[in-house]
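Subject: Structure handover and notes

Dear colleague,

I am passing on the structure below, and my notes on it follow. Please read them with the model open beside you.

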Amino acid sequence: MWARRAGGLALCILAATGCDQERPAQADPAQGRAPALAERGALDPAAPGARARFTDITTEAGIRFVPRNGARGQKLLPESMGGGVAVLDHDGDGDPDLLFVGSSDWPWDAEAAGAQPSSLALYANDGRARFDDVTEAAGLHAVLYGMGAAVGDVQGDGRQDVYVTAVGSNRLFVNDGGRFHDGTDAAGVAGPADLWSSAASFLDVERDGDLDLLVGSYVRWSRELDLAGDRRLPGVPGRAYAPPMAFGGAHPLLFLNRGDGVFDEGAQAAGLHVLDDKGQPLAKALAFLVMDLDADGDDDVFVSSDTTRNLAFINQGAGRFVEQGLELGLAYDRFGNPTGAMGVDGGFFAHDERLGLFVGNFADEASSAYVSLGQPPFFVDETVALGLEQPTRQALSFGLLLLDVDLDGARDLLQVNGHLEPGIDAAAGSQRYAQAPQLLLQQRGPEGVRFRLLPDEAMGDLAAPLVGRGATCADLDGDGDQDLILTQVAGPARVLRNDQASGNHWLGVTLRGQPGRPLALGAEVALRVGGVTQRLRVDPTRSYLSQGSLSLRFGLGAHARVESLVVTWPDGTRREVTLPDGVDRVITVRERVDPADVQRALNQAKAQLEAGRGGEAVRALERIVELEPQSAPSWRNLARARLASSDPTGALQALDQADVQARSGALPQVSSLYLRAVSLARLERPAEAAPLFEQLVRRDPHTAAVRFQLALAWQAQGRADEALVQLREAVRLDPSHGAAFYQLASASRRAGDLDAFRAANREFLRLRALYGDAYKTPLSLEACVHTLAEAAGQAARSQRRQPPAPSSAVTFVEASEALLGGVRPAAAVAVLAMDGHGRYTLVLARPDGALELLSPDGGSRRLPLDLGDLSGLTDLAVGNYHDDGLELVQPGVVPRRRPDLFLTGPAGGWLLAQAEDGSFADVTRRAGLESSAAQRARWVDHDHDGDLDLALVGDAGLTLYVNTGDGRFERSAELASQLGPELAVPAQDLLALDLDENGATDLVLARGQLPTLRIDNRRAGRFALPPSPPGPWPACARVLGDDLDGDGLPDLVLVSAGSVRFVFDGVPGEPLVLPGISVVDACLIDVEGDGWLDLALGGVGGDGLGRVALLRNNGRGVWRVDSQAAGLDELSLPPVEQLLAADLDGDGDSDLLLRGRDDTLHALANHGGESGGLLKLRLLSLMSNSGAIGARVELREGGFLSSRNVQAEWP
């Protein structure tokens, strides 16, 4: 506020009376200002664009606010400071309302006895700049010594809340929908009662989506300190206001939002406490500017500090700042001196990469213009170069704004001026207490960007002097240009309508952020028009103690069309907005569209694309990219659909957009390269396609489709020998690739290799007979990992469906007699088959070495097979390992599958092949599985050749037996070379699931006391340990996986003897302790048919008896122990060794099968769980993997999503 001075106003007065090199002219008392002020650097009022006339409409607008300041002649410093004004939309009607902040009488003032008027005044706008005082109706009557205001949204509900700073405790007013309540105490943001707070700003310091609150402190002030000194102005009777040097500095406050509307103060821990050379607080803050000062993508804070150096707090992430004002060149003016800094505004003012910070200073100090240079930025004081030195030196400036007054696309500069001392007119001839505002229009010429002062006669009523303090702007009357709102000390506020008549066009942009941060504070909009890019930021904190509009306003000049508009949202994501035709209006851009619309279109598009209906998929996907233009996967899906519709040119256009939306600097996505290369090949441009396919082979050497397409491109170029090599590699990688065999036969015939021709042709004819004429022909969109429709973009995917209503009552009862015909002996149990009515057949491996089948009608059949003692059996896996698994019968009859069995335990493993009559034969030796002892067994098509391989874990670690396709298995030696010593670590359980959505089944190993290990399948038989994260995860004994939270992605359950952890998005949660049970086995079960998978756990209790625990899933990541309510605690059970969930009684809910440690089988029937219903699907694959193990099923309707991963033959 004050200039550098050694004693009171001495230095200021000397400058005013002749020390300056250019002596100012004498003041004109009639005008209230020195005439020289209008002459320095002024525009010719007759020049084009030199008029921006304003009309004072305060009275007709209904604004009658006159602030109190409690002045009774004691000259206390706060009385001279004035208050600010905030623009907000308090009632959500889209019109800018106004909140004025005033002060009050002092509490010790005997003349101020009785009730005082409100220090705040809220005026509601009708959209035409007609206002009603709604202070009382809105609940904002408050008496405090107010200073400024900040507008934000502390609860993330989209309603604009208000924080008011004061001398003394501050106040938070929470918006309940047009009416406010005082939420100060509940939020914990009052601050110390003896603090003098000035500016305030809402910002997301921690980037957690919740708005935090930064509050500036001016000086450590008290009435006693103020009255301790006796300062005088020459020729003026009585005391003068004390300068800020008479008081110490004060630290700011930083209130961090916990996420529930309650705040914790953390300024010191955040690095915001700065000390002077005496170890005292340095800052004397009067204004903030929140922006990215160092161009690293996060929010920094510039502090305008009065008579001490300015501060620049640079964000280090995680809620930490480092002060670097000196290092950035922002601390001092160009002479190396601190200034009496007050209001501040900034931005990209010159249509280039230069960031400008403009600071209003005390009298006889020109305003400061700090302009960034280079990367990382360093700021240089360009006050002289920009033409601001002479026009602004004499004025004492408080409020300061950058705004485009005449809508020409250039940001102009407004300064609102006024002195502190009413008697300054007599003490200094060149100064006036009331001073006229200054408007400097930006002009661009041969000398670059300069600001030129607009003369009084061109400004209209704006030229009237006032004791100016706060200033802000907004389009109050809806005509497109920005009107002005000014405050002054103990004088009426002013509203000035912008009556510029340039005829220029404009565009207003209002952003709506995602839930939790709907105001989108910190977002940036880049608008390109006429070949020039304008950039504006959503941040209302600007000027002096004031807040601007959250709606941005762009001047377009004579241009009636916008070339592009790109929004960078607060989390750093960029989105280019497709603009409808038309300007001179306000548009609303939403960060997140209705997820139900996106999901519905995505559901249709994926189904249509997978069904080969390309034209329908194109229409659905075009809708998706309109809703989510920033989603690269959606653009790639559109390219796939256009290729399937024989539109390779359109596919290339979609891929161009996908590349634009992809991460900057990232390598092109492999699928994008593949689709682009195929599109070029379809356009008969093999010279362009071949290099892309060559690059793809280097990046994805194990996908047969890539090799095949490269061969076609080389054939088109006459490179027959090289193409032949790629065709051979393609059929080696994918023995079911009919088109590759066809091309290989043709190429072999041309090469004169008749034996190779006959072999390839024979295989092609076999595949054609098996799969039909249309299977993988060269002209179809070849089915491979790169042509599969991708999942939704991040914005849509993150919209998990809403949790269900409160759970219904579900109980489990002992039902072994009814469902099993009594308790039965079993060393292992599995579901073998499902009939056309959805009823299951169970297969039991009995301890005596026999197999028993339990049919849905209650019948039992013992198979003539003697495997010896099976009492130590640990697993029974059902799956079809060879291509006799599906009997194709006449239409209308359900095809019958013939799954095989693999039994394993410490003594060894048995492979049992099912014959046509339903009997089983022991083929272990013939299959090469004699040494297959293990703890767990899983069928998995690890190399995607259509044959099920066998993955085992046990004391020897992980072993993979690869199916050769002729009934034999070979132990994989490549797996050991790929994974090294991690492979041999003993493991207790194995999960086979596609965790990274690349269409390949990954593996997760539970290893007891060692960390749980994730192994990624890189396709074509290649495995690798991923970087951490994700994995390794905490230790566990059992691992389960499926979609637990309704987002379409697999989640994990890590089960230990006494606790459970859930892993969402690769991040393990805290352990959930399970009292009263030592867990041995677990299974996922949808208890009540609501689509949310619950968790059943079996083991032994502290009393040595069997226990089953049930954890209910509420869909919000919270799991509730529900064992007692479900009746499970009342059951008498043996210690549990195995749990299995299946609808045993066909009533539409999931029951439980449990096998005890004593090798007895029990059934627990679910009563009450059928309320949500149950959908059973029969998946039939034409490959030897007839049960489609490894597939994923998604059921979607609008925002509802339920997905399941097929991990076993049934259920």
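Helix α12 is followed by serine 646, whose phi is positive, near 60°. Please keep in mind that this is a predicted model, in which local features need pLDDT of at least 70 and side-chain atom pairs count only at pLDDT 80 or more, while totals for chains, interfaces and linings use all residues. Residues are numbered from 1 along each chain as its sequence is written, and side-chain values use heavy atoms, with hydrogens and water left out.

Helix α12 itself covers residues 632-644, where helices (H or I, at least four residues) and strands (E, at least two) are DSSP runs numbered from the N terminus. With 13 residues, α12 reaches 19 Å from its first C-alpha to its last, close to the 18 Å expected at 1.5 Å a residue, the expected span being 1.5 Å times one less than the number of residues. Of the 13 residues of α12, 12 are buried (buried means under 20% relative accessible area, exposed over 50%, partly exposed in between, with a 1.4 Å probe and protein chains only). Among these buried residues are Trp635, Arg636, Asn637 and Leu638.

Two packed helices are described by the angle between their axes and the distance between the axes. Here α12 and α14 pack at an angle of about 25°, with their axes 11 Å apart; axes are lines fitted to C-alpha atoms, for helices over the stretch in contact, and angles run from 0 to 180 degrees between N-to-C directions. The two helices α12 and α14 are therefore roughly parallel to each other (angles under 35 degrees count as roughly parallel, over 145 as roughly antiparallel, 65 to 115 as roughly perpendicular and the rest as oblique). Arg636, Arg640 and Leu643 of α12 make this contact with Ser671, Ser672, Leu675, Val678, Ser679 and Arg682 of α14, contact meaning heavy atoms within 4.5 Å. By class, the contact of α12 with α14 has three nonpolar, three polar and three charged residues (Ala, Val, Leu, Ile, Met, Phe, Trp, Tyr, Cys and Pro count as nonpolar, Asp, Glu, Lys and Arg as charged, and the others, Gly among them, as polar).

Helix α14 (residues 670-682) also meets helix α13 (residues 648-661), and their axes come within 9 Å and cross at roughly 155°, so α13 and α14 are roughly antiparallel to each other. On the α13 side the contact includes Pro648, Ala651 and Leu652, and on the α14 side it includes Ser672, Leu675 and Arg676. The residues of this contact of α13 with α14 divide into six nonpolar, two polar and four charged.

Some backbone features in loops also deserve a look. Most residues other than glycine have a negative phi, and most peptide bonds are trans. Aspartate 364, in the loop between β19 (356-359) and β20, has a positive phi near 65°, and it is buried, with a relative accessible area of 18%. Serine 543, in the loop between β32 (541-542) and β33 (546-547), has a positive phi of about 65° and is buried at 2% relative accessible area. A cis peptide bond, with omega about -5°, joins glutamine 375 and proline 376, and proline 376 is placed in the loop between β20 (368-373) and β21 (378-381).

Finally, aspartate 949 lies in strand β51 (residues 949-954) and is buried, with a relative accessible area of 0%. Leaving aside its neighbours within four places in sequence, aspartate 949 is in contact with residues including Arg938, Trp939, His942, Tyr961 and Phe969.

With best wishes
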